[in-house]
Amino acid sequence: MSLVEARSLTKKFGDLTAVDAIDFDVAPGESFGFLGPNGAGKTSAMRMIGAVSPITDGSLRVLGMNPAVDGPEIRMRLGVVPQDDTLDTELSVAENLLIYGRYFDLPRPVIRERITELLDFAQLSERRDDKVEPLSGGMKRRLTIARALINQPELLILDEPTTGLDPQARHVLWDRLYRLKQQGVTLIITTHYMDEAEQLCDRLVIMDKGKIVAEGSPRRLIEEHSTREVLEMRFPVGVQEAILDRLDGLAKRTEVLPDRVLLYTDNGDEAAAEATARGLRPESVVVRRSTLEDVFLRLTGRTLVD
Amino acid sequence: MAIPAVARVVEAHALVYRRTWRGSVISTFFSPVLYLLAMGIGLGSLVDDGAGVANLGGLSYLAFLAPGLLVATAMQTGAGDGSWPVMAGIKWTKTYHATLATPVGVRDLVIGHLGWVAVRLTFVSVVFVAIMAAFGAVESWAGAWAVVPALLTGLAFSAATTAYAAYLDNDTGLSTLFRFGIVPMFLFSGTFFPISQLPDWLEPLANVVPLWHGVELARSLALGISTTWPPYVHVGYLLAWIVGGTLVAFHTFNRKLRQ
């Protein structure tokens, strides 16, 4: 049985169609991602799954129930990590968890036990009685995740979990989420970072303008929609336009971005050598593996982060 | 045993208050003392020496003022608790969004919030009546019933401002509400002088303000005198504001938090 099952799921705000008839399933224990740029409809999809935003059209089942009818029952078994931390900054770390636990009607002794466990998990035990206000962005994020786990949810949904965090804080957070995944918690994650999607998601859908444009595991998506390697060349300002016709036949596919040229090929070094042989003198040359970013570019003609 | 979601929202407010009670408790005690001293006794001695006693139907100014001030204080408490904290929950700290991700629903959230305001109003009003008694401004123990119209008036304003704060997109509307709504009502709704002293064309306007109805009831209960209109009209009018404000708040909360 799927934990989440969406068919022609649609969300409209007046004339704007934020989510446009999408289909997807999330299986128990998997970690499922929505990858797409800002405004792709990821947050709207998450809010419908979280049973806080009514669907406009189509059908949606969450944990086998209908969000329009069984909202409180569904939310009882969900953990939600919203894009903004939504913590009570006047309260202490532990008090934030206590209040949240009470919303789930958990008895205080149970909450007290879980606070100790969760703060340990979130690496915040030493800040237990400190106010939330002065905590760093990464700490607040981890506290928000700990709070979302207070009811031991079967399904944890995270909206842009690492947006705005520095690289180190992101890695700490990824590590924590990976542990949850290993404990068997089903995760649904939205992100506009392709590295995050590759790190965390077993399976993902790529969204653009409210629609799903591709679906699969990160690896399969890359295999299907991109080449093994990518040759990136950067030319001095004004030169790029002049040399474009000399790239013909160098690679399976060429993408021209405002600041660089991407050549899709199974052997990047070979293509780079060939470019040099043709007399091209780029300012910088990078050969790398294909990523989900390339898949997105291929499918939508645009980059993920503008 | 499962506790209704509304009660859990009230409990959460109480937990937050445990952290922030000091400032509000101090002003709960001090502001009635200051007002009753300055206006009731200071200004009152002038009024009582002049033609005031006749215009107030034989009452001392302190006795006339105190029940009005009680209800006006409840109005300000209720309106205040229904304004910035609501905007913070929706827009600034966004804690309402977090609450609604749990089994708690919009109606639980609104009613729980007003339930907590009722707890605060009861406390503020009981303290106020005790201070009134200390000033000799209450006729008998029965005067303590003046707490009830204070509570109703505070809730009427709190429900309405809660609905309004959830409707607004930013807090400039709240400053405007207080500057051009709450303050004039505080001054001209029978708190400091009978509304019969107002120009004739303004008097009907005072009849519309919930504060006037609360003041009428409180004064009647504190001093054992009769109300201008039948008491059930005053009570019904206040209840209508509470129920109406709550229903509108359901709507504005849904629009802001459940789209």
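**View 1. The two domains of chain A.** Chain A of this predicted model splits into domain 1 (4-217) and domain 2 (227-289), with bounds from an automatic or database domain assignment. Between the C-alpha centres of domain 1 of chain A and domain 2 of chain A there are 40 Å. Residues are numbered from 1 along each chain as its sequence is written, and chains are lettered from A in the order in which they are written. Local features need pLDDT of at least 70 and side-chain atom pairs pLDDT 80 or more, while totals for chains, interfaces and linings use all residues.

**View 2. The overall form of chain B.** The C-alpha trace of chain B spans about 60 × 40 × 30 Å along its principal axes. Of its 259 residues, 48% count as buried, that is, with 20 or more other C-beta atoms, placed from the backbone, within 10 Å of their own.

**View 3. Where chain B touches chain A.** The contact draws 24 residues from chain A and 23 residues from chain B; two residues are in contact if their C-beta atoms, placed from the backbone, lie within 7 Å. On the chain B side, helix 1 (5-49) and helix 5 (95-100) each supply at least two residues. Helix 1 of chain B gives the most to this side, with seven residues.

How values were computed
Helix = DSSP H or I, 4+ residues; strand = E, 2+ residues; numbered from the N terminus. Buried ≥ 20, exposed ≤ 12 C-beta atoms within 10 Å, placed from the backbone.
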